[in-house]
Amino acid sequence: MESRELVQSWVDAFNRGDADALADFYSEDATNHQVAEEPVVGRAAIREMFATGFANARMVCIVEHIFQEGEWAILEWRDPLGLRGCGFFHVVNGKIVFQRGYWDKLTFLRLQRLPMPEVP
């Protein structure tokens, strides 16, 4: 499967809120680094990250563009509430080995009506 196709399948699983299916896209020792958070390492931890996220918020990914260059795919996305972001996926042998996502956490929390983080 090409990187672009894998990312489209990833989006489909994300929009179903299926943490198990999402975890299956990652290599056992993959890293998922959403820049607003600390990196999450390992398929099991990535699965838990998604499960927790889906339990706390209704998240929807609307694809604006998916670009591919070799083993890399870039996803530009938006959601129905107005949040926008992008993700970079490094895909090796049909599995995501590294993902980095860029989005505004404070906007996400506000749009989802979730508590704001404490400021030290």
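Guide: The model is a predicted one. Helix α3 has 14 residues, and from its first C-alpha to its last it reaches 20 Å, close to the 20 Å expected at 1.5 Å a residue. Its buried residues are I46, F50, G53 and F54. Seen down the axis of α3, these buried residues fall within an arc of 95 degrees, so they line one face of the helix. As a rule, an α-helix has 3.6 residues a turn, so residues three or four places apart point the same way. On the other side of α3, A44 and A55 are exposed. The cover over the buried residues of α3 includes α1, α2, β1 and β2.

F50 also belongs to the largest nonpolar core, where it is listed with W10, F14, Y26, L75 and I96 as having the most contacts inside that core. The core has 29 residues. Besides α3, the elements that each supply at least two residues to this core include α1, α2, β1, β4, β5 and α4. The largest share, six residues, comes from α1.

Strand β1, part of the cover over α3, runs parallel to β6, and five bridges join the two. In this pairing, H33 stands opposite R100 in β6. Strand β6 is also joined to β5, by eight bridges, and that pair runs antiparallel; there, F88 stands opposite R100. I96 is in contact with W10 and Y26, among others, leaving aside its neighbours within four places in sequence.

Methods:
Residues numbered from 1 in each chain as written. Predicted model: local features only at pLDDT ≥ 70, side-chain atom pairs only at ≥ 80, totals over all residues. Heavy atoms only, no water. Pairing = 2+ DSSP bridges. Helix = DSSP H or I, 4+ residues; strand = E, 2+ residues; numbered from the N terminus. Core = buried A, V, L, I, M, F, W, Y, C linked by side-chain atoms within 4.5 Å. Buried < 20%, exposed > 50% of the residue type's maximum accessible area, 1.4 Å probe, protein only. Contact = heavy atoms within 4.5 Å. Expected span 1.5 Å × (residues − 1). Arc of directions from axis to C-beta.
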